[in-house]
Amino acid sequence: MQTTSRTTRINLLIAIAATLCMIAAKLLSYLQFVYLPGAIAMIAEAFLLLAVYAIAVAWPQGRIGFLLRPQFATLLGAIAGVLQIIHLLVERFISFPGPWDGLVTLAFMLATFFLWGFAGYRAHKLGLSFIPACLAALWSAMVTMTIAVLAGTLIEFFIAPIPLESIRAWAEFQRSGWNDLYAFSIANTIDEASTHLFIGPIVACIFGAIGFSLRRLFGKSN
């Protein structure tokens with residue numbers, strides 16, 4: 001079983017660094033943001049999660065690196081990352097009527113979860129035990145979220161920011177107690193990045209375990 005190449009890991013580190021730089025650049029361009037309630041904690045959370053991702057990517061090769069970063073999981077994670085980019089673009093630039101918007105979102109979400117689950121399934125097929133299979137799914141999600149967060153930050157900060165007036169009607173904005181729409185738009189992007197970085201690997205472990213179990217139950221008949 002092949003492990004993720006050094007070149008791929010360097011590219012992932014570049015993606016993480018680019019996300020950090022975009023967040024830092026946006027904050028430096030609007031320093032008032034840091035004085036708002038909860039802003040410092042939000043920034044620290046995002047930077048900490050990106051640092052954890054960077055450590056996981058850069059960790060020296062060895063038994064742990066071999067188990068955490070199998071090549072097949074990287075490929076599945078990259079495919080899911082592309083799906084997430086497509087979803088971001090569809091969500092930002094295409095308006096679907098009625099329930100179709102929710103169905104499209106659900107379809108992209110389930111497709112991503114399936115790919116993470118397949119990492120666990122594939123791990124069992126290759127002879128890995130339960131924990132390494134979950135680690136493979138987790139790594140797959142980390143690759144996906146590295147790609148998705150980079151793309152999402154780029155789109156929302158620089159390519160196609162959400163119109164500020166549309167944010168005014170958001171329940172999240174009204175509950176926040178903030179009165180600065182521009183600052184809230186920055187906070188929303190940073191918070192979404194942190195949420196995806198944190199939740200993605202947890203969900204992947206669950207679906208990886210399901211994939212591993214399905215292979216264990218039905219693999220002998222295949």
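**View 1. Lining of the second largest pocket in the predicted model.** Helix α9 provides the largest share of the lining of the second largest pocket, namely five residues. The volume of this pocket is about 210 Å³. Its lining consists of Met42, Ile162, Trp170, Glu172, Trp178, Phe184, Ala187, Asn188, Asp191 and Glu192. By residue class, six of these are nonpolar, one is polar and three are charged.

**View 2. The largest pocket and the residues around its centre.** The space within the largest pocket amounts to about 560 Å³. Its lining comprises 23 residues, and those nearest the centre are Gln84, His87, Leu88, Met145 and His196. Two or more lining residues come from each of α4 (71-93), α5 (100-125), α6 (130-159) and α9 (181-218). Among the elements, α9 contributes the largest share, eight residues. The lining contains ten nonpolar, ten polar and three charged residues.

**View 3. The largest nonpolar core.** This core has 53 residues, and Phe33, Trp116, Trp139, Trp178 and Ile190 make the most contacts inside it. At least two core residues are supplied by each of α1 (6-29), α2 (39-58), α4, α5, α6 and α9. The greatest contribution, twelve residues, is that of α6.

**View 4. Surroundings of Trp116.** Trp116 is one of the residues with the most contacts inside the largest nonpolar core. When residues up to four places away in sequence are not counted, Trp116 touches Ala80, Ala137, Ser140, Ala141, Thr144, Met145, Gly200, Val203, Ala204 and Gly208. Of these, Met145 is also among the residues nearest the centre of the largest pocket.

Methods
Residues are numbered from 1 along each chain as its sequence is written. This is a predicted model: local features need pLDDT of at least 70, side-chain atom pairs count only at pLDDT 80 or more; totals for chains, interfaces and linings use all residues. Side-chain values use heavy atoms; hydrogens and water are left out. On a 1 Å grid over the protein atoms alone, a cavity is a set of points where a 1.4 Å probe fits but cannot get out, and a pocket is an open set with protein on both sides within 12 Å along at least five of seven lines; lining residues have an atom within 4 Å of a point. Grid points are joined across faces, edges and corners, and a volume is the space filled by probe spheres set on the points. Helices (H or I, at least four residues) and strands (E, at least two) are DSSP runs, numbered from the N terminus. Ala, Val, Leu, Ile, Met, Phe, Trp, Tyr, Cys and Pro count as nonpolar, Asp, Glu, Lys and Arg as charged, and the others, Gly among them, as polar. A nonpolar core is a set of buried Ala, Val, Leu, Ile, Met, Phe, Trp, Tyr and Cys residues joined through side-chain atoms within 4.5 Å. Buried means under 20% relative accessible area, exposed over 50%, partly exposed in between (1.4 Å probe, protein chains only). Contact means heavy atoms within 4.5 Å.
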